[in-house]
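Visitor: I would like to go through this structure term by term. Please set each label against its cut-off.

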Amino acid sequence: MKFKAVLLSAVIAFSAIGFTGCGSSAETETEQTAEDETAAEDEAADGSEDEEVDTSYLYDIENYGLPQLEEPQEGETIATISTTMGDITVKFFPDFAPAAVQNFLGLASEGYYDGIIFHRVINEFMIQGGDPTGTGTGGESYFGEDFGLETSPCLRHFRGALAMANTGAENSNGSQFYIVQQTDIGDEYREAYEQAKEMQDQEIEEGSGVYFSQLYPTEVLDEYINNGGSPFLDNSYTVFGQVIEGMDVVDAIAAVETDENDKPLEDVVINTITISEY
């Protein structure tokens, strides 16, 4: 994402954590992310800016709203993830992430997730499951092969977002998913986003015709500032659903005691996933 260095330098200071799956290493991914962030930070410090504006993230808040924060419509497909610590109910966004939604619902309807543990849990970040081996290196998609990223400026890593884990490689979505649990975006993001709120009517680059309001609408910034989430994951992972009930259960799972690999010491198991209509 390309925007003014004054905002970029504040945002990139937050260290991203890679989601592992399908045989990749969390350490390797995190190190690569850190290298990318260091390079970007150096560029921001030099005051250099890209000549062209990346318009793929432009967002028309008036036309699209914030679908994650809207109540489900009557008859809309929802799913209840029944775990050993309680139930989590989610809604989906097939208009924005059709393959990811089909993948999750298809696997769930076949009982693929039944009996699978949450193998990676980090309090104030996320809970991750969907790997039948329970190691973070397994899992297969509903389609029989991994599939590609589906990102949209309409969907963000707000608290409660349901998203696909991937290795960072192209077409690496499989069966693993995570739910964002983070309650506070942190001082650096908060400061940057408060700044962005004051720059809504400013161009991200002089003469570009693209404004901060099109990249970071005030409504998006306020949701992150007031309710939390993991904005550093935006545009790198597929958000395809949102928790509508059971965030207390997500919080409880996130708070369990874990080992050095972030795996719960006592298994937290997905009993069943029930698909129904709202």
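Visitor: What makes the side chains of Lys197 and Asp222 a salt bridge?

Guide: The model is a predicted one, in which local features need pLDDT of at least 70, side-chain atom pairs count only at pLDDT 80 or more, and totals for chains, interfaces and linings use all residues. Residues are numbered from 1 along each chain as its sequence is written, and side-chain values use heavy atoms, with hydrogens and water left out. A salt bridge is defined as a side-chain nitrogen of Lys or Arg within 4 Å of a carboxyl oxygen of Asp or Glu. For Lys197 and Asp222 the N to O distance is 2.8 Å, so the pair meets the definition. Side chains of opposite charge can pair when their charged atoms come close.

Visitor: Which parts does the pair of Lys197 and Asp222 tie together?

Guide: Lys197 belongs to helix H5 and Asp222 to helix H7 (residues 218-227), so the pair ties together parts that are 25 residues apart in sequence. Helices (H or I, at least four residues) and strands (E, at least two) are DSSP runs, numbered from the N terminus.

Visitor: Why is Asp222 called partly exposed?

Guide: Buried means under 20% relative accessible area, exposed over 50%, and partly exposed in between (1.4 Å probe, protein chains only). Asp222 has 24%, and Lys197 has 27%, so both count as partly exposed.

Visitor: What other salt bridge does Lys197 form?

Guide: Lys197 also forms one with Glu194, where the closest N and O atoms are 3.6 Å apart. Both residues lie in helix H5 (residues 187-197), 3 residues apart, about one turn of the helix. Glu194 is partly exposed at 33% relative accessible area.

Visitor: How many salt bridges are there in the whole structure?

Guide: The search finds 5. One of them joins Arg190 and Asp184, with the closest N and O atoms 2.2 Å apart. Arg190 has a relative accessible area of 22% and is partly exposed; Asp184, at 38%, is partly exposed. Asp184, Asp187 and Arg190 are linked in a network of salt bridges.

Visitor: Why is Gln68 called buried?

Guide: Gln68 has a relative accessibility of 4%, so the buried label applies. Gln68 is found in the loop between helix H3 (61-64) and S1.

Visitor: What does the side chain of Gln68 reach?

Guide: The side chain of Gln68 reaches the backbone nitrogen of Arg156 at 2.7 Å. A polar contact is a pair of N or O atoms within 3.5 Å; within protein, one must be able to donate a hydrogen and the other to accept it, and residues adjacent in sequence count only if both atoms are side-chain atoms. Leaving aside residues up to four places away in sequence, Gln68 touches several residues, including Lys91, Phe93, Cys154, Val239 and Gln242.

Visitor: What makes Phe143 and Phe147 an edge-to-face pair?

Guide: Rings of Phe, Tyr and Trp (its six-membered ring) pair if their centres lie within 6.5 Å; planes under 30 degrees apart count as stacked, over 60 as edge-to-face and the rest as tilted. The whole structure holds 16 aromatic pairs. In the pair of Phe143 and Phe147, the distance is 5.4 Å centre to centre, with 90° between the planes, so the edge-to-face label follows. Phe143 is partly exposed at 36%, whereas Phe147 is buried at 9%. Phe92, Phe104, Tyr112, Tyr113, Phe118, Phe177 and Phe240 form one aromatic cluster.

Visitor: How do you know that strands S5 and S7 pair?

Guide: Two strands pair if DSSP finds at least two bridges between them. S5 (residues 161-164) and S7 (residues 239-245) have 3 bridges, in the antiparallel sense, so they count as paired. Ala163 stands opposite Val239 in S7.

Visitor: In what order do the 8 strands form the sheet?

Guide: The order is S3-S4-S6-S5-S7-S2-S1-S8, in an open sheet with antiparallel pairing. Strand S3 (118-122) and strand S8 (270-277) stand at the edges with a single partner strand each, so one side of each is left without a neighbour in the sheet.

Terms used
Contact means heavy atoms within 4.5 Å.
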